[in-house]
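I opened this entry to record what I looked up in the structure, with attention to charged pairs. The sequence and model are placed below for reference.

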Amino acid sequence: MTHPAYSVDNGKLKRTRLTPHLVSTCHQNGIFMTSETQTPPGILNEKIRNIAIIAHVDHGKTTLVDSMFRQSGILRENEQLAERAMDSHDLERERGITILAKNTAIPYGDYKVNILDTPGHADFSGEVERVLTMVDGALLIVDAVEGPMPQTRFVLRKALELGLTVVLVINKVDRAAADPSRAVDRVVDLFIELGADEHQLDFPIVYASGLAGTSSLSEEDALNSNMSDLSPLMETIVKHIQAPPGDKEAPLQLQVSTLDYNDYLGRIVIGRITRGAIRMGQMVGLFQRDGKLSQHRVTKLYGFQGLKRIEIDIAEAGDIVAVAGIPEVQIGETLTDPAKPEALPLISIEEPTLKMTFSINNSPLAGREGKFVTSRQIKDRLWREVKSNVSLRVEEGDTPDSFVVSGRGELHLSILIETMRREGYEFQVSKPEVLTKQVDGQLCEPFEDLIFDVPDEMTGSCIEKLCQRKGELRHMESTGGRTVVEFKIPSRGLLGFRSEFIRMTKGQGMMTHAFSEFLPWVGDIGTSRNGVLVASEPGEATSYALKGVEDRGIFFIKPRTTVYKGMIIGENNRSQDLVLNVCKTKKLTNMRSAGADVLEVLQTPIEVTLEFGLDYIEQDELMEVTPLNIRLRKENLDFKRST
């Protein structure tokens with residue numbers, strides 16, 4: 001067992017590792033200090049621990065934090081805690097995922113533990129990367145049944161690159177088929193594969209059930225349900241995660257890691273104080289990205305307690321705070337002492353891998369459902385998003401009314417689109433395209449690690465489809481009637497695959513993927529989507545017309561849906577596109593009324609959702625997004641029948 005220790009080298013604090021035998025010797029010589037011996041004045045804030053919760057999606061990060069809340073004593077007796085309390089965003093609750101990194105603080109004895117809950121999806125890697133710069137250690141949550149997954153690799157790689165102390169938490173040990181030993185072995189293999197050094201491999205292990213709020217340091221006790229509360233986990237955090245280094249007497253340095261906004265206070269900066277102290281009402285300098293230094297007064301200073309922000313007068317090195325009074329600040333910039341300004345290195349974020357074009361809605365139904373419809377309003381909203389969403393890039397498009405938006409994946413971009421439509425924006429988006437770059441003079445494209453879990457009888461068809469999309473089979477394992485398959489595949493090969501995967505597996509398959517690396521371009525990737533059915537006339541679709549052409553394919557609309565010329569209304573049974581008139585009505589006669597077809601039974605149409613549309617559209621098609629509807633259309637509304 002080793003302990004964190006510090007030496008002073010040319011006036012700089014340097015972290016080393018000591019065995020217990022050397023701790024006392026070095027301390028007596030005045031060379032090293034450790035948290036187990038004493039805290040040097042102005043060097044460590046011993047009663048603070050800053051940790052991040054990192055894991056693959058759905059491995060129980062947010063649920064574990066809920067249990068830590070309940071056992072911390074910060075809730076009143078009559079106070080109710082909502083399930084997944086940290087997921088406060090509407091989309092997070094609806095989708096069951098964490099999108100935005102959030103921070104909170106809970107007490108444990110004399111210690112204050114700042115906890116940062118991070119997203120598990122690699123699409124939100126920018127949130128993960130900037131949050132990890134604020135902490136000294138990480139809880140790596142791994143499902144006892146599934147073991148490490150693609151996003152586990154991504155978040156762990158980031159933690160190891162930053163030199164963070166990692167505590168492994170094998171979660172959901174109370175699940176049927178839980179195999180903690182196998183999960184630990186696979187995590188060790190992952191550490192080695194990612195190039196962890198000897199000290200990083202010496203990580204503590206805690207077994208837990210986040211839902212039950214129990215933990216243990218013994219695998220045997222965990223499997224026999226002989227676990228206590230989360231005290232073993234909290235003790236491990238206090239013992240193994242180093243106290244935050246930083247001289248509270250030195251000039252102020254605080255790096256902006258997250259931005260919030262309040263109608264009364266304006267922009268709010270959230271970050272960790274690297275050194276020095278910050279006080280309510282003091283003047284601070286803002287070191288901007290372009291090297292300019294501006295001065296501002298701190299109008300409000302907040303600390304964190306549970307899910308709440310509490311007003312404080314002063315905060316010192318090592319703590320995480322929220323600061324108001326700094327307008328036009330961007331993520332990665334530094335708050336500093338105006339008299340002795342020093343900037344911290346800017347946060348480095350991995351580049352986007354996917355792009356799409358946002359433009360104003362120019363369909364015949366434009367402006368009927370949205371509140372914000374002009375190019376100026378869309379542009380302002382996108383630029384506002386860039387200031388807080390560090391993984392996003394926005395550039396001017398080919399026309400004044402279009403903008404190229406680049407992100408880390410389909411989910412990343414779809415969350416932005418859904419957020420904007422809920423805010424009242426109306427616009428159009430193009431098919432997502434991968435971003436390429438030159439590496440050593442060779443054209444390269446992004447590749448992803450893909451894992452899917454399907455019933456045994458469906459494995460062959462899924463493998464066949466992925467191989468057609470230039471995927472490379474890496475590993476396959478079958479247990480209990482289901483098969484887990486690992487692939488390396490170009491990001492292009494996954495565009496439009498999710499909906500096809502759901503159909504092939506009849507909803508029984510699970511698929512996850514994460515960005516891996518840029519590799520040489522693999523050439524054209526064929527897709528097997530059929531042609532589409534396109535409306536030839538504007539108006540209201542009738543059941544009479546739909547029944548007459550029902551044998552042509554599957555429809556995306558139902559009777560009385562308003563359509564326009566060039567709108568995609570369904571998928572053809574054949575490979576070519578087909579133009580249809582779905583607004584025809586039955587002629588009046590003296591024998592039968594025109595409304596006599598209302599009892600016609602039609603096939604259930606496919607619901608056009610945001611994710612379905614992004615997966616489905618092709619290069620010559622667009623998705624129209626409004627607060628009320630998602631419509632698919634041809635880019636050229638005067639579309640003619642394909643040959």
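**Entry: salt bridges**

I first looked up glutamate 316 and found it partly exposed, with a relative accessibility of 31%. The model I consulted is a predicted one. Glutamate 316 meets lysine 248 in a salt bridge, at 3.9 Å from N to O. I placed lysine 248 in the loop between α9 (231-240) and β11 (253-262) and glutamate 316 in strand β18 (residues 314-316); the two are 68 residues apart, and the pair links distant parts of the chain. Lysine 248 is partly exposed as well, at 36%.

I then turned to arginine 482, which forms a salt bridge with aspartate 453, the closest N and O atoms lying 2.8 Å apart. Arginine 482 belongs to strand β29 (residues 482-490) and aspartate 453 to strand β27 (residues 442-455), 29 residues apart. I noted arginine 482 as partly exposed at 26%. Aspartate 453, at 18%, counts as buried because the cut-off is under 20% relative accessible area.

Next I examined glutamate 477 and arginine 182, whose closest N and O atoms are 3.0 Å apart in a salt bridge. Glutamate 477 lies in strand β28 (residues 472-479) and arginine 182 in helix α6 (residues 180-193), so this pair ties together parts 295 residues apart in sequence. Glutamate 477 is partly exposed at 31%, and arginine 182 is partly exposed at 31%.

I also recorded a network of salt bridges linking Asp577, Asp620, Glu621 and Lys634. The structure holds 32 salt bridges.

For the whole chain, I noted 16 helices and 38 strands, with 53% of the 643 residues counted as buried.

Methods: Residues are numbered from 1 along each chain as its sequence is written. This is a predicted model: local features need pLDDT of at least 70, side-chain atom pairs count only at pLDDT 80 or more; totals for chains, interfaces and linings use all residues. Side-chain values use heavy atoms; hydrogens and water are left out. Helices (H or I, at least four residues) and strands (E, at least two) are DSSP runs, numbered from the N terminus. Buried means under 20% relative accessible area, exposed over 50%, partly exposed in between (1.4 Å probe, protein chains only). A salt bridge is a side-chain nitrogen of Lys or Arg within 4 Å of a carboxyl oxygen of Asp or Glu.
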